There are 4 protein chains.
Amino acid sequence: MGGMAAESAGKEPRTDRGRRTRRALLDAAAAEFATDGFHLASISAITRRAGVALGSFYTYFDSKDAIFRALVSDMSEQVRDHVAPAIRAAPGGIARERAGLESFLGFVRQHKEIYRIIDEAEFVDPASFRHHYATTVDRIAHRLEEAAARGEVRADVEEVHAWAIMGMNVFLGLRYGVWEEDRSTADVADVVADFLARGLAG
Amino acid sequence: MGGMAAESAGKEPRTDRGRRTRRALLDAAAAEFATDGFHLASISAITRRAGVALGSFYTYFDSKDAIFRALVSDMSEQVRDHVAPAIRAAPGGIARERAGLESFLGFVRQHKEIYRIIDEAEFVDPASFRHHYATTVDRIAHRLEEAAARGEVRADVEEVHAWAIMGMNVFLGLRYGVWEEDRSTADVADVVADFLARGLAG
Amino acid sequence: MGGMAAESAGKEPRTDRGRRTRRALLDAAAAEFATDGFHLASISAITRRAGVALGSFYTYFDSKDAIFRALVSDMSEQVRDHVAPAIRAAPGGIARERAGLESFLGFVRQHKEIYRIIDEAEFVDPASFRHHYATTVDRIAHRLEEAAARGEVRADVEEVHAWAIMGMNVFLGLRYGVWEEDRSTADVADVVADFLARGLAG
Amino acid sequence: MGGMAAESAGKEPRTDRGRRTRRALLDAAAAEFATDGFHLASISAITRRAGVALGSFYTYFDSKDAIFRALVSDMSEQVRDHVAPAIRAAPGGIARERAGLESFLGFVRQHKEIYRIIDEAEFVDPASFRHHYATTVDRIAHRLEEAAARGEVRADVEEVHAWAIMGMNVFLGLRYGVWEEDRSTADVADVVADFLARGLAG
DNA sequence: AATGAATGAGAGTTCATTCAT
DNA sequence: TATGAATGAACTCTCATTCAT
């Protein structure tokens, strides 16, 4: 989930006022894209929500695509920054995957818009969509290898397991994070941890 | 991946010529939506590809939304009809999940457009998007309950496991069905079956 | 002044109604471009004048540039078609140049917009601008060579004379055709013919 | 090519720094207008090229139109100042016209942008366009009258001849000054002088 | 049942000009 | 005098939908 979009040249604000305006536009865009999706969201709706004039949009972004990419990059970084410390704090092996999932569920509940934005990237900016999931899987696979090396999980863990785990996490986030909150995050994480512990036992 | 309401799918043709035209429009729409996504695909591109006049579109469908819904319904039914027999033919328990995944991977490789179409439903027709995944999970959960009743898997299987399995399947389909075919479907299904067998052992 | 713009594909009207609409747009565009120039003339003003909806413009032309090129081509052909018979009817030598100028002055008085449209091509479509003048000069040079071969003018006529004659004609058209009509076309043509006769005498 | 009203040319700078900034803006504008034409050239491109802030433009010019008029005036004066001494140095009659043309061709080769700027005035500021050519013709006509009075050319020279000569010069400048330099200025001027000498012989 | 011209609301984007600092 | 952010009207172009034939 790394930042993939280089900022377009000559659009960086040079004053404080400029930085405030740019931030307001990004926040407004997140809200509009989440509600309406990329194509239905209009720049004029974004600027209206941000409280700036239509033309001011182009002081900070080259196009509708550009602000979308900036946003995907923004959100990717936010998830990673939220989840990473929880994982590091866990002792190792399955505990790390459990911590990652629980932390992810917590993040999703506070940022329900993330699904619509990342998913829409599949259509608006396929490269960043693939990159987002590819790096996420890489991190999972890396952790599994380390755990295997320490004998905490079976030695034959491989890429298929990493994709399976990511898929689980994404859909559990959708179901128990975005759609309904009828189970606690700890509860869901416990069930999965138990499942993983057996499935990956050495 | 359940079928949407059939009555909303358009105006039923009365003649053979009409049925051919309607089918041509659906096929053209599948191709256009897969390539460009819902919003970028235009009715005129669909009719051009189908080889009919622009105005004829409205003889068969009420709107762009309507043909999209008809298409999602179409594809949902196709997957189900492809996967269901494979599952029924499997002896039971984990073997059924294995058969379902392998069959699904095979279908996806021949219908790579399915991801873009179903995913876009999240934005175009959220109800059908939720319905699609909800019914899929229901079927998985139902099979798990039966397997538990027969003592083939642990007794405490529950909804969380069903969502986890669906998430795995969806992302494995994306990775090993759509993006790359560097592993055989049997191979991927074996890894997952082994993983499930341990994770869900009684 | 040859037709230089190939018609864009798929925009040719297929019905009579379509042909009428296309013609109305071309006429309206000639009027608007003459009054306001290319950049100030707006497509909405053109369609308003033509009495059709804004969107109908794009049924017949791909862009503002496209209708402009179609128009330059149209006008180039009109001048040529108007002037050519007058020249052919003249006995030869200087008489042909005299007939060409007089006929040109007559045309210009009825199509004062031609100057603004051809001149603006320098900015909008430089290739057609150069082509317009290059072919005009070619025709003059060709006539001079023939006249020289027949001994009607001096043997050393050359390209410089052709450019000089075209320049004269263009500016006399501007002054005595577009700006003011205080001299008869015959009168102006007589003065020039006498001047040429001496200047090019064998 | 007469000077426009000086007072409309902008706000006179009071300091040296101001004068330098104003000059930089004029030079940048000449380059931008020549490349893109009036409407496509933007104030922000001009200020960027001049190396000053966008807002500073309005310290020196009231509008985009204003700087354009200042520029036309500037260029008109430059041509006149370049050509006039060459004409004065010539002995009289046809020699003066020859000197005027050769000097003009030389100027044009070093200032190819002059055509695009003066020609565009037809659309941006028609008054200055007419004024430019009217005064040029006046000077030619005046010289012809003097030459006639001295018996150097025929007695019946008149306005039509003056317009013809100006037209010749303008197009010869375009062809042998701007578009290609495949003939020396002296060569072209010689051909024309010979042509004029005969055409206007007393 | 089929055609394709017509419609017009609405989109993204540009840019001359203003203004607070 | 210089800066650059802010403004908003105006533009070109798209396209789902309607309708006369």
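Me: How far apart do the closest C-alpha atoms of chain B and chain C lie?
Reply: This is a predicted model. In it, no contact joins chain B and chain C. Their closest C-alpha atoms are separated by 12 Å.

Me: And how far apart are the closest C-alpha atoms of chain B and chain D?
Reply: Chain B and chain D are not joined by any contact either. The gap between their closest C-alpha atoms is 30 Å.

Me: Chain B does touch chain A. Which element gives the largest share of the side of chain B that touches chain A?
Reply: The contact takes 25 residues from chain B and 26 residues from chain A. On the chain B side, the elements that give two or more residues are α1 (16-40), α6 (113-124), α8 (159-179) and α9 (185-199). The largest share is 11 residues, and it comes from α8(B).

Me: By class, how many residues on that side of chain B are nonpolar?
Reply: The side of chain B that touches chain A has five polar residues and five charged ones. The nonpolar residues number 15.

Me: Which element gives the most to the side of chain D that touches chain C?
Reply: Here 25 residues of chain D are in contact with 26 residues of chain C. Two or more residues on the chain D side come from each of α6 (113-124), α8 (159-179) and α9 (185-199) of chain D. The top contribution is 11 residues, given by α8(D).

Me: By class, how many charged residues does that side of chain D have?
Reply: The side of chain D that touches chain C has 15 nonpolar residues.

Me: What relation holds between chain D and chain C?
Reply: Chain D can be laid on chain C with an RMSD of 0.2 Å. That takes a turn of 180 degrees and a shift of 0.1 Å along the axis. The copies meet through the same surface, because 100% of the interface residues of chain D are also interface residues in chain C. The relation is that of a two-fold axis.

Me: What pattern does chain A follow along the sequence?
Reply: Chain A has nine helices and zero strands. Its C-alpha trace spans about 60 × 35 × 30 Å along the principal axes. Read along the sequence, the pattern is α-α-α-α-α-α-α-α-α.

Me: What distance separates the centres of domain 1 and domain 2 of chain A?
Reply: The domain assignment of chain A gives domain 1 (16-62) and domain 2 (70-199). Taken over C-alpha atoms, their centres are separated by 29 Å.

Me: How many residues of domain 2 of chain A are in contact with domain 1 of chain A?
Reply: Domain 1 of chain A puts seven residues into this contact. Those residues divide into six nonpolar, one polar and no charged. From domain 2 of chain A, the number in contact is eight.

Me: Which residues are closest to DNA strand E?
Reply: DNA strand E is surrounded by 40 residues. Elements giving two or more of them are α2 (43-50) of chain A, α1 of chain B, α1 (16-40) of chain C and α2 (43-50) of chain D. By class, this surface divides into 14 nonpolar, 20 polar and six charged. The closest are Gly55(A), Ala53(B), Gly55(B), Ala53(C) and Gly55(C).

Me: And which residues are closest to DNA strand F?
Reply: DNA strand F also has 40 residues around it. Two or more come from each of α1 (16-40) of chain A, α2 (43-50) of chain B, α2 (43-50) of chain C and α1 (16-36) of chain D. The surface near DNA strand F has 14 nonpolar, 20 polar and six charged residues. The closest are Ala53(A), Gly55(A), Gly55(C), Ala53(D) and Gly55(D).

Me: Is α1(D) roughly parallel or roughly perpendicular to α4(D)?
Reply: The axes of α1(D) and α4(D), residues 64-89, come within 10 Å. They cross at roughly 90 degrees. Angles of 65 to 115 degrees count as roughly perpendicular. So α1(D) and α4(D) are roughly perpendicular.

Me: Which residues of α4(D) make the contact with α1(D)?
Reply: From α1(D) come Leu25(D), Leu26(D), Ala29(D), Ala30(D) and Phe33(D). The residues of this contact divide into nine nonpolar, no polar and one charged. From α4(D) come Ile67(D), Phe68(D), Ala70(D), Leu71(D) and Asp74(D).

Technical notes: Residues are numbered from 1 along each chain as its sequence is written. Chains are lettered from A and ligands numbered from 1 in the order in which they are written. This is a predicted model: local features need pLDDT of at least 70, side-chain atom pairs count only at pLDDT 80 or more; totals for chains, interfaces and linings use all residues. Two residues are in contact if their C-beta atoms, placed from the backbone, lie within 7 Å. Helices (H or I, at least four residues) and strands (E, at least two) are DSSP runs, numbered from the N terminus. Ala, Val, Leu, Ile, Met, Phe, Trp, Tyr, Cys and Pro count as nonpolar, Asp, Glu, Lys and Arg as charged, and the others, Gly among them, as polar. Domain bounds come from an automatic or database domain assignment. A residue is near a molecule or strand if its C-beta atom, placed from the backbone, lies within 6 Å of it. Axes are lines fitted to C-alpha atoms, for helices over the stretch in contact, and angles run from 0 to 180 degrees between N-to-C directions. Angles under 35 degrees count as roughly parallel, over 145 as roughly antiparallel, 65 to 115 as roughly perpendicular and the rest as oblique. Copies are superposed by least squares on the C-alpha atoms of residues with pLDDT of at least 70 in both.
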